[in-house]
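Have the viewer open while you read.

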Amino acid sequence: MKVKVLSRNPDDYVRETKLDIQRVPRNYDPSLHPFEVSREYTRALNATKLERVFAKPFLASLDGHRDGVNCMAKHTKSLSTLLSGSCDGEVKMWNLTKHECVRTLQAHEGFVRGMVVRYCGTSFFTVGDDKTIKQWKMEAPGYGEAEEPLNTILGKTVFTGLDHHQKEAVFATCGQQVDIWDEQRSSPIRSFTWGVDSFSSVRFNPVETELLASCASDRSIVLYDMRESAPLKKVIMTMRSNTLCWNPMEAYHFTCANEDYNLYTYDMRNLDRPFMVHMDHVSAVLDVDYSPTGREFVSASFDKTIRIFQNDGGHSREVYHTKRMQHVICVKWSADNKYILSGSDEMNIRLWKANAAEKLGVLAPREKQAINYNQKLKEKFQHHPQVRRIAHHRHLPKNIYHQTKELRIMKEARKRKERNVRKHSRPGTVSVVSEKEKHVVTVVK
Amino acid sequence: MASPGEEATGDSHVGKNKKPPARYWQELPDKGKDEKDEEKPLPQKDQQTQKAKKRKQQEDQRDGKKFVSGKSDPFPGPAPLSKERVQKFKRKDKAKRPRNQHFKLRDIMKRSDEASEMSQKQAARFDILLPEDAGFLEGDEDEDTCTISQEDIAEAVDITSGTKYFNLKLSQFGPYRVDYTKTGRHLLLGGRRGHVACIDWQSKHLMCEINVMESVNDVKWLHSEAMYAVAQKKWLYIYDSNGIELHCIRKFNDVLRMQFLPYHFLLATASATSFLQYLDVSVGKEVAAFCTKMGRLDVMCQNPHNAIIHLGHPNGTVTLWSPNQKEALVKMLCHQGGVRSVTVDKTGTYMVTSGLDKKLKVYDIRAFKPLKSYFLPAGASCLSLSQRGLLSAATGDVVQVYRDVWSAPVTKPYMAHRVRGSVWGLHFCPFEDVLGVGHGDGFTSMLVPGAGEPNFDGLDANPYRSAKQRQEWEVKALLEKIQPELISLDPTELGYVDRATFEQRHQDRVQALGYDPLAKEKFVPKYKKKGRSSAGAVERRKKQVAHEDQRDEIRKTVEDKMKMEKETKERAKKKAALSNQKSALDRFKK
């Protein structure tokens with residue numbers, strides 16, 4: 001007779017001393033783990049609920065400005081530094097880790113319209129309503145020294161925005177025309193106009209560094225090449241765009257914030273129809289900024305909210321609002337992809353988490369693992385109705401909630417009418433115009 | 001220090017073709033052939049990697065910089081995996097990829113396929129490292145294993161295992177019902193005349209012993225060893241492990257049999273008044289109650305794979321129940337007489353029933369098909385299946401254990417043991433080679449080598465868990481309690497694509513929009529420069545696309561046709577095979 005009976009040595013399964021961690025022998029045999037799918041589903045549901053429980057995005061409010069915050073600039077070298085300019089011409093430099101203002105200077109008379117940090121991070125430029133461009137040192141002046149700009153250029157007209165070249169000592173301003181400036185000279189090296197009286201924003205392409213795009217008040221977006229004397233092409237839309245931002249990773253895409261409550265992502269090679277229309281705001285969109293990964297962007301709106309969109313998603317994944325935040329004028333996504341900064345009408349700059357439920361600080365490896373696992377589960381079961389309902393639910397202020405509903409009704413009515421027209425006319429005469437094509441009037445080259 | 005020396009000499013003095021010295025992990029030449037097949041590595045890839053590695057090494061040698069010593073890795077590449085082992089961890093077939101799939105979806109699916117394949121391989125690789133092997137019992141030549149007595153086995157095995165064979169002589173309050181916890185550490189005994197005892201049976205430590213002063217119909221552990229349910233003469237009671245009565249549940253009366261669904265935290269009870277009731281023990285609520293209208297319900301078991309309750313009835317039917325449906329999901333006529341006992345195996349594939357017609361039948365419960373039918377002269381009163389698929393059947397006062405009842409026709413039992421008094425309850429202990437038998441004269445713990453799963457999962461059911469670990473497990477288990485609505489015949493149903501809803505939604509959308517947004521767009525040829533957009537060229541391009549579409553369609557129809565033909569051929573073949581069997585009427589044919 002040959003016989004073997006299961007006989008385990010407890011020493012192999014129990015920890016030796018109390019100081020050890022417990023032994024957990026694993027066996028991944030699927031038959032020992034029944035109800036795999038249902039259990040994972042339950043876990044996913046719990047993870048989704050917990051995400052909503054822990055979603056506390058608001059971190060801090062930086063107050064100190066004596067008028068609405070009109071523009072902000074990220075420091076190119078330091079994560080913890082932020083510059084902001086207000087409507088009374090004051091510029092403040094903030095330390096974000098300490099939530100405090102480290103420097104204040106009276107830069108302009110009237111609004112500070114635009115601000116940009118030089119690529120090396122040693123100085124920054126501001127433009128204001130007083131028709132000047134000023135360059136400032138990043139360090140505060142020493143004791144007894146007066147706060148003086150490094151350089152001041154007096155322009156002929158008001159400047160409304162500026163941006164700096166990625167690598168060279170060249171910057172661009174916009175106002176009644178788009179000017180390209182050499183830092184060493186006091187007159188523009190190049191000026192672009194295209195029968196337009198004013199521009200609201202200009203941005204350099206982060207990869208093809210000689211390319212620029214600007215938003216004009218004749219409802220157009222114009223593309224330029226710095227090396228050429230004439231603009232490249234422009235697309236005219238049904239409503240005016242306020243600002244635009246290039247995607248830092250796929251730099252042939254840019255997103256513009258439009259007055260018609262939508263944002264449009266264009267492929268600059270094909271301006272005939274936007275690559276994606278992003279809807280959800282219920283008032284004009286004032287500013288937009290991409291995350292450094294290029295997968296998401298944040299938008300600020302006149303409806304007192306900021307929203308986060310996927311670069312290829314038609315609707316926002318997140319909306320941030322507080323009772324006290326008024327019209328949001330400017331918004332920035334921090335360079336470490338973790339925070340969002342919004343400057344609004346009521347003189348405050350707010351610091352938000354980019355991922356509302358994220359835990360800040362150092363994570364233990366097991367915490368990290370659990371977070372990753374939950375993330376994957378949420379992804380896997382995101383289309384189940386229960387999970388989706390919880391994941392998508394956001395509380396909105398009453399007026400925005402009602403306005404959204406109203407807009408939806410209006411849109412449906414318009415659609416219904418269109419459908420009826422099509423139904424009662426000869427087949428083929430009334431064509432179907434997609435949402436993307438609707439907003440583009442024409443492309444001029 | 002022997003092995004490195006050996007290798008060094010082998011390498012420096014002898015030519016490259018010489019084999020390295022034989023090692024204990026390599027195949028012995030006299031081993032059986034089928035075993036060799038089993039451990040055959042997955043095809044080709046390893047060899048290729050080996051080659052690539054060799055080539056790389058040679059290159060390195062040529063550089064003369066990176067390569068340090070001349071010794072090559074005797075086991076290059078990842079460890080070989082047998083096909084069966086990989087197959088064991090397979091969840092689903094690879095998704096079929098249609099030709100005109102969207103590039104993003106194609107990417108996602110490809111990546112998920114790759115990930116699942118990798119996890120499958122890793123799990124299989126981990127499987128090699130599992131520490132324990134299953135038990136076995138082999139007789140000498142012309143010795144039946146069923147003649148080997150328990151005393152002999154207990155003597156032959158080590159002392160700790162030997163102590164797992166024991167008898168408890170409890171003749172006063174018998175016969176006894178038996179239940180083990182999910183980890184297999186704790187034993188619950190319920191005597192017909194009111195004696196209830198829970199024991200940590202491996203250390204023989206008595207946790208509590210009470211007499212409820214009423215007849216006891218059934219006992220069942222709840223999710224952990226802290227609580228158990230006792231079905232008494234009138235009501236259902238819940239006690240804790242100190243024997244303190246926690247609840248008396250008056251909604252559950254005349255309960256005869258109970259089953260606990262551990263992942264759903266549901267206690268299913270079958271009563272003499274033909275009611276099937278579900279109690280959620282985590283919140284203490286009755287989830288569902290059905291009148292089955294089938295008379296007294298004293299045969300019950302659960303399918304551990306999908307949490308469906310099986311009930312056996314005096315008219316020979318077995319009915320399947322879920323808490324979501326008032327009617328039985330399935331009714332199967334299994335026996336000519338009444339059903340005496342039902343049990344379902346761990347994987348939810350096989351159901352074994354025994355009836356008053358003295359038959360023992362095996363069913364494929366997924367297809368609801370009979371597989372095997374055996375005749376037991378005495379008939380089986382109790383059945384129980386172990387984790388590794390051993391079937392124990394109690395015939396009167398003899399407990400028989402069978403092996404492989406569903407694959408090969410069984411002629412004699414694997415083991416047999418006679419107990420004193422007729423058997424009342426049978427239960428295999430999880431993760432142990434032990435069968436607990438409750439009978440008229442007390443309780444017998446039998447050794448059944450090869451019954452239990454050798455390697456447990458520490459996060460699921462850990463027999464060696466500490467109090468702290470148990471507490472943590474309890475919290476986790478409660479958090480991922482599966483809702484009773486998710487119980488269905490196919491437990492993976494939740495993972496499928498909901499096509500019906502999608503189609504409905506799509507239809508609604510088409511209705512609302514007035515056109516189909518997913519319809520294939522009409523091909524509009526791009527404008528090309530340098531004279532390549534002449535009318536003729538445009539027409540040609542259009543034609544090309546149209547041809548491509550047509551070819552797709554034709555390919556599809558041809559494939560369908562081929563499939564149909566194959567099916568009909570197979571059907572014909574089967575028919576022919578059937579007709580080849582000689583029937584009694586063949587002799588009248590000319």
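The notes below go from the interface to its salt bridges, then to the annotations and the backbone.

**The interface**

Keep in mind that this is a predicted model. The size of an interface is often given as the accessible area lost when the parts come together. For chain A and chain B, that buried area is about 4800 Å², and carbon and sulfur atoms give 57% of it. Chain A puts 40 residues into the contact, while chain B puts in 69 residues.

As for polar detail, 24 residue pairs are in polar contact across the interface of chain A and chain B, counting pairs with both residues at pLDDT 80 or more. On the chain A side, three elements each supply at least two of the residues that touch chain B: β1 (2–4), α1 (36–54) and α4 (398–423). Which element gives the most to that side? That would be α1(A), with eight residues. Sorted by class, the side of chain A that touches chain B comes out at 17 nonpolar, nine polar and 14 charged residues.

The strand β1(A) also does some cross-chain pairing. Its partner is strand β1 (residues 136–138) of chain B, and the two run in the antiparallel sense over three bridges.

**Salt bridges**

How many salt bridges does a search of the whole structure find? The count over all chains is 53. Across the interface of chain A and chain B, the rule finds eight.

| Chain A residue | Chain B residue | N to O distance |
|---|---|---|
| A:Arg26 | B:Asp457 | 3.0 Å |
| A:Arg39 | B:Asp460 | 3.7 Å |

Why does the pair of B:Asp460 and A:Arg39 join two chains? B:Asp460 lies in the loop between β29 (442–447) and α8 (467–479) of chain B, and A:Arg39 is in helix α1 of chain A, so the pair links one chain to the other.

**What the record says about chain A**

An unreviewed UniProt entry annotates residues 354–440 of chain A as "domain: Sof1-like protein". In the model, residues 354–440 of chain A are 62% helix and 1% strand, with the end C-alpha atoms 31 Å apart.

Residues 62–104 of chain A are 0% helix and 58% strand, and their end C-alpha atoms lie 13 Å apart. Residues 321–362 of chain A are 0% helix and 43% strand, with end C-alpha atoms 27 Å apart.

Most residues other than glycine have a negative phi, and most peptide bonds are trans. The peptide bond from B:Gly174 to B:Pro175 is cis, with omega near -20°, and B:Pro175 sits in the loop between β2 (166–169) and β3 (176–180) of chain B. B:Phe265 has a positive phi, near 55°; you'll find B:Phe265 in the loop between β11 (255–261) and β12 (266–271) of chain B.

Note on methods. Residues are numbered from 1 along each chain as its sequence is written. Chains are lettered from A and ligands numbered from 1 in the order in which they are written. This is a predicted model: local features need pLDDT of at least 70, side-chain atom pairs count only at pLDDT 80 or more; totals for chains, interfaces and linings use all residues. Side-chain values use heavy atoms; hydrogens and water are left out. Contact means heavy atoms within 4.5 Å. Buried area is the accessible area (1.4 Å probe) that two parts lose on being put together, summed over both. A salt bridge is a side-chain nitrogen of Lys or Arg within 4 Å of a carboxyl oxygen of Asp or Glu. A polar contact is a pair of N or O atoms within 3.5 Å; within protein, one must be able to donate a hydrogen and the other to accept it, and residues adjacent in sequence count only if both atoms are side-chain atoms. Helices (H or I, at least four residues) and strands (E, at least two) are DSSP runs, numbered from the N terminus. Ala, Val, Leu, Ile, Met, Phe, Trp, Tyr, Cys and Pro count as nonpolar, Asp, Glu, Lys and Arg as charged, and the others, Gly among them, as polar. Two strands pair if DSSP finds at least two bridges between them. UniProt positions are given in the numbering used here, feature names are shortened, and annotations may be inferred rather than shown by experiment.
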